[in-house]
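Below is a short report on a two-chain model. Keep the sequence and the 3D view at hand while reading.

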Amino acid sequence: MTKGKIAVLGESHFTMGFMFAGLQDAVTYKEGGEQRLVELMDSKDYSVIFISEKLNSELDWRLKKKISNLAYPVIVALPDISGESAEGDNIRALIKRALGFDLAAK
Amino acid sequence: MADQPNPTRMELLKLKDRIALARKGHKLLKQKRDALILEFFKILKKSKDIRSELNAKMKGAYASLAVAKAYHSSFELEALSLASARNMDVDVQVKNVMGVKIPNLTVSMEKREYPNKGYSISGTTAMLEATIEEYEGVLDMALSLAESEIAMKRLITEIEKTKRRVNSLEFIMIPRLQDEMKVIAFKLDELERDSFVSLKVIKRKLEKDKAEKAKGAEA
């Protein structure tokens, strides 16, 4: 069992709301979000890191792959202010490919 | 077929072993796949549509934050957001399902009631309060999403991989090995018949020679 804190990483409009919800480990950045994410991952203080969908789409594929195989910390992309998330569709497509039918369709 | 195997008895035995092994692996992988799918549906039931719900909720939260921004200056908001800290810890337990590592989150969060929320009712507007409440909801949801979505993603990737392996064993590996075995068995039989016939021929020839010799001796 590993205990850790929650961090938010994103642009200021993304992080502010979470700060209101009580998260104080919010990292706001203008540039170099990827670098920040790696720092957060390596610090081992955090067990959950929320990142904005925008940052997620900008990540290097190698880092993305690493994240998707990592059990700890848990890194989740949340929708940006622009709204729609690609992540949900992503999973749906994966399910469709693996199981052979679209679960959302029923 | 890629390459012709040597038609020897050794090769035949080897192939037999390989087929047995492939069958065993196939059976195990099939079981693994079924177990993974079972686990996947368990999680799916729990977390259905959580993503789209969260999307909708976050949209609302963004909107109310924007409204709050209209009422307060952004400096003010920043200062207020810094004041609304609360303790929260997340325990991550890693569950291992058939080699797939799934995080299990236990969140211990401080419950906040009004006077400890970091803002004063007189100094702020109701918009801010609504925003904070919305974001608290978003946070709870995002945490449950974090757990289930990652689990789902990993499971589904693993299911796909396993499925592919099962199919490649079932439809490519095993039939190919069986074909090879058939070819070898056929060739071995052929060789056997061949040598049998040539033995017969030799024997007949020898007998003929013998008979001729005997005739010559008589004459």
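A:Ser52 sits in strand S3 of chain A. Helices (H or I, at least four residues) and strands (E, at least two) are DSSP runs, numbered from the N terminus. Is A:Ser52 buried or exposed? A:Ser52 is buried, because 22 other C-beta atoms lie within 10 Å. The cut-offs are these: a residue is buried with 20 or more other C-beta atoms within 10 Å of its own, exposed with 12 or fewer, and partly exposed in between, with C-beta atoms placed from the backbone.

This is a predicted model: local features need pLDDT of at least 70, side-chain atom pairs count only at pLDDT 80 or more, and totals for chains, interfaces and linings use all residues. Residues are numbered from 1 along each chain as its sequence is written, while chains are lettered from A and ligands numbered from 1 in the order in which they are written.

Back to A:Ser52. Leaving aside neighbours within four places in sequence, A:Ser52 is in contact with A:Gly10, A:Glu11, A:Phe14, A:Leu78 and A:Asp80. Two residues are in contact if their C-beta atoms, placed from the backbone, lie within 7 Å. A:Leu9 is 43 residues away from A:Ser52 along the chain, yet their C-alpha atoms are separated by 6.8 Å.

A:Ser47 also belongs to strand S3 of chain A. A:Ser47 is buried, with 23 other C-beta atoms within 10 Å. Its C-alpha is 6.4 Å from that of A:Tyr72, and 25 residues separate the two along the chain.

B:Met98 lies in the loop between strand S1 (88-97) and strand S2 (100-109) of chain B. Its phi is near 50°, a positive value in a residue other than glycine. B:Glu133 lies in helix H4 of chain B. B:Glu133 and B:Leu143 are ten residues apart in sequence and 16 Å apart in space, C-alpha to C-alpha.

| Residue | Other C-beta atoms within 10 Å | Class |
|---|---|---|
| A:Ser52 | 22 | buried |
| A:Ser47 | 23 | buried |
| B:Met98 | 15 | partly exposed |
| B:Glu133 | 15 | partly exposed |

Now chain A as a whole. Its secondary structure comes to five helices and four strands. From the N terminus on, the order is β-α-β-α-β-α-α-β-α. Chain A has 106 residues, and 37% of them count as buried. Of its contacts with a separation of 6 or more, 64% join residues 24 or more positions apart.

Helix H1(A) is mostly covered, with seven of its nine residues buried. These are A:Phe14, A:Thr15, A:Met16, A:Gly17, A:Phe18, A:Met19 and A:Phe20. Just after H1(A), A:Gly22 takes a positive phi of about 115°.

How do helices H1(A) and H4(B) pack, and at what angle? Helix H1 (residues 12-20) of chain A and H4(B) pack at about 95°, with their axes 7 Å apart. Axes are lines fitted to C-alpha atoms, for helices over the stretch in contact, and angles run from 0 to 180 degrees between N-to-C directions. H1(A) and H4(B) are therefore roughly perpendicular to each other. Angles of 65 to 115 degrees count as roughly perpendicular, under 35 as roughly parallel, over 145 as roughly antiparallel, and the rest as oblique. On H1(A), the contact uses A:Gly17, A:Phe18 and A:Phe20; on H4(B), B:Thr131, B:Ile132, B:Tyr135 and B:Leu139. By class, these are five nonpolar, two polar and no charged residues. Ala, Val, Leu, Ile, Met, Phe, Trp, Tyr, Cys and Pro count as nonpolar, Asp, Glu, Lys and Arg as charged, and the others, Gly among them, as polar.

The chain-to-chain contact takes 34 residues from chain A and 44 residues from chain B. On the side of chain A that touches chain B, H5(A) gives the most, with six residues. That side has 20 nonpolar, ten polar and four charged residues.

Last, the core. The largest nonpolar core has 54 residues, and A:Phe18, A:Val48, A:Ile49 and B:Ala142 have the most contacts inside it. Helix H4 (residues 126-218) of chain B gives the most to this core, with 15 residues. A nonpolar core is a set of buried Ala, Val, Leu, Ile, Met, Phe, Trp, Tyr and Cys residues joined through C-beta atoms within 7 Å.
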